[in-house]
Amino acid sequence: MRAMTPYGRPVATSRYRLPPIGARVLAAARSAFVKRGFQEAHVLAHWQEIVGAQLAEFSAPEKLVFPRGSGDDGGTPQKAARRSGATLTIRVDGPIAVEIRHLEPQIIERINSYYGYGAVARLKLVQGPLPQKPRPRFRRIRALKPEERTLLTQDLEKIEEPALREALERLGERVIGSERRR
């Protein structure tokens, strides 16, 4: 007998459903993550939340290496996920390495509390340039010059609705004051 929805219609079998796109992307990237020691991509995806925005700006996790015989017995995935005592290699840009070395116990504690068990035992710092971060997509808005401001207010005097006039004024400020990137 087929399963039914609360509305009395039969539930479609899973072979007719498409998997979520996130599952496909993660499945495609999993081999690259596993080569770097990241069984799960959580540390990579949530590095900023784990260490904070200031440290994440100048650092990035590169590799997670577990010692031999630390639970990697080829058993169930749950056993493999509970491996502990790993060394996390972090690429660091500039003199922030001294601060990260000083904060190593706190960083390890935050990573392990994120995982929920003692996954990382120590940090290995590698100094070098970080990958380029994407530039912000928003434009910088400069203050309007007095002549631009008066021209805008003169154009908007004809509008009687105060809320509409205020919204158009904000829009005009953003359009006129936006700086184009070269």
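Reader: What is the relative accessible area of Arg170?

Author: Arg170 is classed as partly exposed, a label for values between buried (under 20% relative accessible area) and exposed (over 50%), with a 1.4 Å probe and protein chains only. The model is predicted, so local features need pLDDT of at least 70 and side-chain atom pairs count only at pLDDT 80 or more, while totals for chains, interfaces and linings use all residues. Residues are numbered from 1 along each chain as its sequence is written, and side-chain values use heavy atoms, with hydrogens and water left out. For Arg170 the relative accessible area is 48%.

Reader: Which residue meets the side chain of Arg170 in a salt bridge?

Author: A salt bridge here is a side-chain nitrogen of Lys or Arg within 4 Å of a carboxyl oxygen of Asp or Glu. The N to O distance for this pair is 3.2 Å. Both partners lie in helix α9, 4 residues apart, about one turn of the helix; helices are DSSP runs of H or I with at least four residues, strands are E runs of at least two, and both are numbered from the N terminus. The partner, itself partly exposed at 47%, is Glu166.

Reader: How many residues apart in sequence are the parts tied together by Glu173 and Arg149?

Author: The side chains of Glu173 and Arg149 form a salt bridge with an N to O distance of 2.5 Å. Because Glu173 belongs to helix α9 (residues 162-177) and Arg149 to helix α8 (residues 146-156), the pair ties together parts whose separation in sequence is 24 residues.

Reader: Which residue pairs with Arg142 in a salt bridge?

Author: Side chains of opposite charge can pair when their charged atoms come close. For Arg142, the closest N and O atoms of the bridge are 3.1 Å apart.

Reader: How many salt bridges does a search of the whole structure find?

Author: The search of the whole structure gives a total of 6.

Reader: What percentage of the contacts with a separation of 6 or more comes from residues 24 or more positions apart?

Author: The chain holds 9 helices and 3 strands, and 24% of its 182 residues count as buried. Contact means heavy atoms within 4.5 Å. Among contacts with a separation of 6 or more, the share from residues 24 or more positions apart is 63%.
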